[in-house]
Amino acid sequence: MQNAAGKRLLLIINPVAGKYKSHKHFSKIINQFEKNGYNVEAMETQKHGDATEFAFKNAYNVDVVVCVGGDGTVNETVSGLAKSGFQGTFGYIPSGTTNYFAGCNHISSSIAKASQVITDGKTEAINIGQFDNDYFAFAAAFGIFADLTYSTSQKVKNFIGYPAYILEGMRRLPKLEPIKMRIVTQSRAYEGNYIFGIISNYSSVVDIVTKRKSKAPFSTECFEVILISKPKNSFEWAHIIKSLISGSYKSNLIEYFNTGYLKIETQESIAWTLDGEKEISKTEVQLKKVENAVKLTVPYNRKEKP
């Protein structure tokens, strides 16, 4: 970014994201932006929803909005910006446990490097997903893997990090129950009993589950959708995992397709998670792509390792 002198920057900080590493860097982050000519106003979140409120109420009065936190903080901030119609620039400094959004966009996990991208990087318009009246930056999901980041204790996540999600998922497997669902897209309908489903803005959707770095991380005009039916035995379960890890999706228990719109109906209310953090219960939901919704600062070399 250039000509930052006099620009107004709103800094939204989640002090309890990840392993609390953002807290000790507050002053350094603010000093770096002020050194580059920004007029900085910093706001610290105290509870769920604060980042959305801060972004929505203040976006009209600033040129740049930057959030410091994990994927949940990104979700809240992007939601606030989308609802406000913000036309300025969005920057992200990752300090969460998984930081999948940062990985998708090749934003460094180093707070210093991520801050520098906001001052020196380029701006790209990215797509987001709309989930009824809510939004998500990279994924909406339901089922066994969907709410692990939401329901796993923050203390546990901070202490052991990503393995906490795997441990929680293993604990749930014996009680696994499929969800009867009807899904209508622009071109066809799907009906089945699914144990997991995810609608993602990025390629490849399997990376969210496997933590594999995406080979094609850029947001497209369509969602990537994956639906998994319940396996009958351990052999089928192993085949599902192998298909996910390989990215082939060659299993009769996996539905994989692309679409820009979905309407999903269930007989009973089911729990969805948006960006791995926000939990919403619905019996019917419509999802659609919102193109070029946010102007995100990214490295000039998008292939650079985060």
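**Close-up views of a predicted model**

**View 1. The two sides of helix α1.** On the face of α1 that is turned away from its buried side sit the exposed residues Lys28 and Lys35, where exposed means over 50% relative accessible area, buried under 20% and partly exposed in between (1.4 Å probe, protein chains only). The model is predicted, so that local features need pLDDT of at least 70 and side-chain atom pairs count only at pLDDT 80 or more, whereas totals for chains, interfaces and linings use all residues. Residues are numbered from 1 along each chain as its sequence is written, and side-chain values use heavy atoms, with hydrogens and water left out. Helix α1 (residues 26–35) has Phe26, Ile29 and Phe33 buried; helices (H or I, at least four residues) and strands (E, at least two) are DSSP runs, numbered from the N terminus.

**View 2. Ser79 in helix α3.** Ser79, which belongs to helix α3 (residues 71–84), counts as buried because its relative accessibility is 1%. Leaving aside residues up to four places away in sequence, Ser79 touches Thr52, Tyr135 and Lys278, a contact being heavy atoms within 4.5 Å.

**View 3. The salt bridge of Asp134 and Lys278.** Asp134 pairs with Lys278 in a salt bridge whose closest N and O atoms are 3.7 Å apart, the term requiring a side-chain nitrogen of Lys or Arg within 4 Å of a carboxyl oxygen of Asp or Glu. Because Asp134 lies in strand β6 (residues 134–136) and Lys278 in strand β13 (residues 278–298), the pair ties together parts that are 144 residues apart in sequence.
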